[in-house]
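Here is a short report for a first look. Please view the sequence and the model side by side as you read.

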Amino acid sequence: MYTQERTAMSNLVVGGPVAVNSYDNAIVAALVENRPVMLVHAFNGGYLRPAELKEESHDKGVKLATALDPATKEAQGHLWHITPAGFFGQRPLYFLESAAGQVTPKPAAAGAADGGRGDDGAPKPQRRRITVHQDAPQSTADTVQVGLPDKVGDKWRGKNGAPEDTQLWVVTVTPWGGITFVPITHPDAILGFKDHAVTADSEVRLTYNWGGDFTGTVINTFYPRLPNEWSVPYHHVFT
């Protein structure tokens, strides 16, 4: 399902035991077609954005914003790519890449290796990824950084010499129709918020997964939304 072959969407299973509903176009578009989406929080309807939008920033984290200001929209700071990145056993893995500050690489020099191309033949853009700390979750090490593998801090570069280790995520569709992010380096943790406070400008952290399984908890659930679906009040989904 990671090729251009089209599966029957009603039979698509992503990362866990819950089938993706054929009508949830945003999840399908994010995970199969790699279209950029907004990651809208289930609890308060805010969205994830990098704390710093500029392409040269690699040591800043992620926050929850509740207003889509023109500067963020112009820089695509509200959009993320959930990019396929191999497997962890039977589970597909993904990078969480920001559309803000992405760079189109220069063409490879004559005789040099190409950095890879997408299905349209264009060079794959360099996108900053959400990276977790090697020692997370600890009170001093549970923040995240958004940056390229060779630009983030030493403790965000991955273990055993593999820079991608700390950037790979299990993406699980939850029974209530959202998605949850679990880093492979810390399978007992989940993408959440500092002090478990889901408020405007909350700092994204790794927190222990008190739910006990890969589906996580409601408070750490996000809804992928295509940009034209932003006005839908998803924070009222449980009422």
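## Basis and confidence

This is a predicted model, in which local features need pLDDT of at least 70, side-chain atom pairs count only at pLDDT 80 or more, and totals for chains, interfaces and linings use all residues. Residues are numbered from 1 along each chain as its sequence is written, and side-chain values use heavy atoms, with hydrogens and water left out.

The chain averages a pLDDT of 76, and 72% of the residues score at least 70. Residues 1-19 have a pLDDT below 50, with 38 contacts in the model beyond near neighbours in sequence.

## Overall build

The chain has two helices and twelve strands. Helices (H or I, at least four residues) and strands (E, at least two) are DSSP runs, numbered from the N terminus. The order from the N terminus is α-β-β-β-α-β-β-β-β-β-β-β-β-β.

Of the 239 residues, 45% are buried. Buried means under 20% relative accessible area, exposed over 50%, and partly exposed in between (1.4 Å probe, protein chains only). Among contacts between residues at least 6 apart in sequence, 56% join residues at least 24 apart.

## The nonpolar core

A nonpolar core is a set of buried Ala, Val, Leu, Ile, Met, Phe, Trp, Tyr and Cys residues joined through side-chain atoms within 4.5 Å. The largest one has 32 residues; L39, L48, I82, F181 and L191 touch the most other members. Helix 1 (residues 25-31) gives the most to this core, with five residues.

Leaving out residues up to four places away in sequence, I82 touches residues including A30, L31, L39, F95 and F181.

## A hairpin

Strand 4 (residues 80-88) and strand 5 (residues 91-98) run antiparallel, joined by seven bridges. Two strands pair if DSSP finds at least two bridges between them. F88 has R91 of strand 5 as its bridge partner. Two residues lie between the strands of this hairpin, and G89 takes a positive phi near 65°.

## L53 in its loop

L53 lies in the loop between strand 2 (47-50) and strand 3 (62-65). Why does L53 count as buried? Because its relative accessibility is 17%.

Beyond four places in sequence, L53 touches A71, T72, A75, G77, A100, G101 and R128. The C-alpha atoms of L53 and Q76 are separated by 8.4 Å, with the two residues 23 apart along the chain.

Technical notes: Contact means heavy atoms within 4.5 Å. pLDDT is the predictor's confidence in each residue, from 0 to 100.
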